[in-house]
Amino acid sequence: MTRITIADAGRHVGETVQIPGWLYNLRRSGKILFPQVRDGTGIMQCVAQKNALPEETFNALRHLTQESSLIVTGRIREEQRAPGGYEMDVEGVEVLQRVAEEEPYPITPKEHGIEFLMDQRHLWIRSRRQHAILRVRHEVIRAIRDYLDSHGFTLVDTPIFTPAACEGTTTLFETKYFDDDLVYLTQSGQLYNEATAMAFGKVYCFGPTFRAERSKTRRHLTEFWMVEPEMAYATLDDVKQVAEELIVYVVGRVVENRRQDLATLERDLSKLESVQSPFPRISYDEAVKFLQEKGSEIQWGGDFGGPDETLLGEAHDRPLIVDRFPAAIKAFYFQPDPERPEVALGADFIAPEGYGEIVGGGQRIHDPDLLLKRIEEHNLPREAFNWYIDLRRYGSVPHAGFGMGVERVVAWLCGLEHVRETIAFPRMLYRTRP
RNA sequence: UCCUCAGUAGCUCAAUGGUAGAGCAUUCGGCUGUUAACCGAAGGGUUGUAGGUUCGAGUCCUACCUGAGGAGCCA
């Protein structure tokens, strides 16, 4: 007997096949049952008629509980009345495990609160909406890799355990490394990327990063995934161009390949289809002026707050590129603008619809003396950065790169309220379980 | 760390300081085209914890715990 996935059902119309899966929902109407079976690729509505089945089979199905595992055998048929467009006429059922009614599956088809759902996260990911989001995430990650891999970037992943802060400013998670040594969980692979870029030209790292910030908002996780491309012989303009192309490509891929999931999420496709080049570009100076006109308290020299980012993002139908921030609020390694040393050659991409910063990057300092000066100004331990300074001693070149946060991109593309739904098991300020 | 809000049945929520209730879920019954099906019935409670006020507290007060939203910080 052929086993198929529900996603492939359209290619098996008229055949009798098996679908291994789980009971998603069951509607009963006397002598006819409508079990809905999910298998990870989709949901199949089945039809079981009492007079077409052995009594034992019909009764087993009739009293089956939600999320019981089963293998259904039956004939696939096109059916307009079925949610997926196809339906299976049940001929046989093998129940692998019947969920006990004393402890029924906790996530019912009705509404639930977020606390309960987060406690049940290991089960919640089976639900239609969560499932759709995680499939969009997968497409986003695949698209990122496909874009970079086909544009000359080499994946060179960077360590998770790091001996010191990359940026000195934010809080790091520390962990014991054997006897008495402390190491920190990486908050960015960037410094190492600069080393690999000098070896490979164009590189990227892609993995989890950790920030021990006591942030408790819809845009924050303590563990999140970031892709960080870095390019030798490159400038701020290259960062803006590559990041823009990457975003346009990723959005296009999701719209093309995950249309069904976006429909499940009731995402307004027109909001994604408008994400085309060129993106609007303004300077930090212009952004501050714009925000002040909108009533923000921001002064030149300050960083954008959450509401500021929302104001900037909502003014456009595609990501907004803001560049040349005050050097004082940027990390030590940013190259200053040669014409205006008080601003850094950095750029942030602010997503529309209030999703905030999704890309941050810029050009790095390539002059060893200037880098040393900055390290001293920021009171960073020079010894820890000896290897990093070496990169400026042995064939230094202008170079630039950026980081893009996967969860914020996914939240934006899916139109979600909160990034916690964009990763299977989110880690947040007050949640590390399950 | 700070501000605001909330904790009542497995879940989502009601309940003037005066007998703790509904829908869903579960079980039983009915229904041959259901779309979070519907209809009928049953079981299901230490009202987050500890004190206090009161004849009487789910409700008012205090502290704590847990969670949510936000600020700062950040992708």
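Both F332 and Y333 are buried in this predicted model, where buried means under 20% relative accessible area, exposed over 50%, and partly exposed in between, computed with a 1.4 Å probe on protein chains only. Their ring centres lie 5.3 Å apart and their planes meet at 75°, so the pair is edge-to-face. Here rings of Phe, Tyr and Trp (its six-membered ring) pair if their centres lie within 6.5 Å; planes under 30 degrees apart count as stacked, over 60 as edge-to-face and the rest as tilted. F332 and Y333 belong to one aromatic cluster together with Y192, F334, F385, W387 and Y388.

The model is predicted, so local features need pLDDT of at least 70 and side-chain atom pairs count only at pLDDT 80 or more, while totals for chains, interfaces and linings use all residues. Residues are numbered from 1 along each chain as its sequence is written, chains are lettered from A and ligands numbered from 1 in the order in which they are written, and side-chain values use heavy atoms, with hydrogens and water left out.

By the ring rule, the count comes to 16 aromatic pairs. One of these joins F206 and W225, edge-to-face, at 6.3 Å centre to centre and 65° between the planes. F206 lies in strand β10 (residues 202–210) and W225 in strand β11 (residues 223–232), so the pair ties together parts that are 19 residues apart in sequence. Helices (H or I, at least four residues) and strands (E, at least two) are DSSP runs, numbered from the N terminus. The two partners can be told apart by their accessibility: F206 is buried, with a relative accessible area of 5%, whereas W225 is partly exposed at 27%.

Stepping back to the whole of chain A, the secondary structure comes to 13 helices and 18 strands. The C-alpha trace spans about 85 × 55 × 40 Å along its principal axes. Of the 434 residues in chain A, 50% are buried.

A residue is near a molecule or strand if one of its heavy atoms lies within 4 Å of it. There are 51 residues around RNA strand B, of which R27, P109, R218, H220 and R408 come nearest.

Several side chains reach the bases. A polar side-chain atom of N51 lies 2.5 Å from a base oxygen of RNA strand B, one of Q45 lies 2.6 Å from a base oxygen, and an N or O atom in the side chain of Q49 is 3.0 Å from a base oxygen. The elements that give two or more residues to the surface near RNA strand B are β1 (16–29), β2 (32–38), β3 (43–49), α2 (114–119), α10 (306–314) and β17 (356–364). The largest share, four residues, comes from β1.

Q36 sits in strand β2 and, at 5% relative accessibility, counts as buried. Beyond its neighbours within four places in sequence, Q36 is in contact with W22, L23, Y24, N25, R27, I43, M44, Q45, P83 and R128.

R81, in the loop between β4 (69–78) and β5 (86–97), is exposed, with a relative accessible area of 72%. R318, in the loop between α10 and β13 (320–323), counts as buried at 18%. The side chain of R318 reaches the backbone oxygen of Q276 at 2.9 Å and that of S274 at 3.5 Å. Such polar contacts are pairs of N or O atoms within 3.5 Å; within protein, one must be able to donate a hydrogen and the other to accept it, and residues adjacent in sequence count only if both atoms are side-chain atoms.

How values were computed. Contact means heavy atoms within 4.5 Å.
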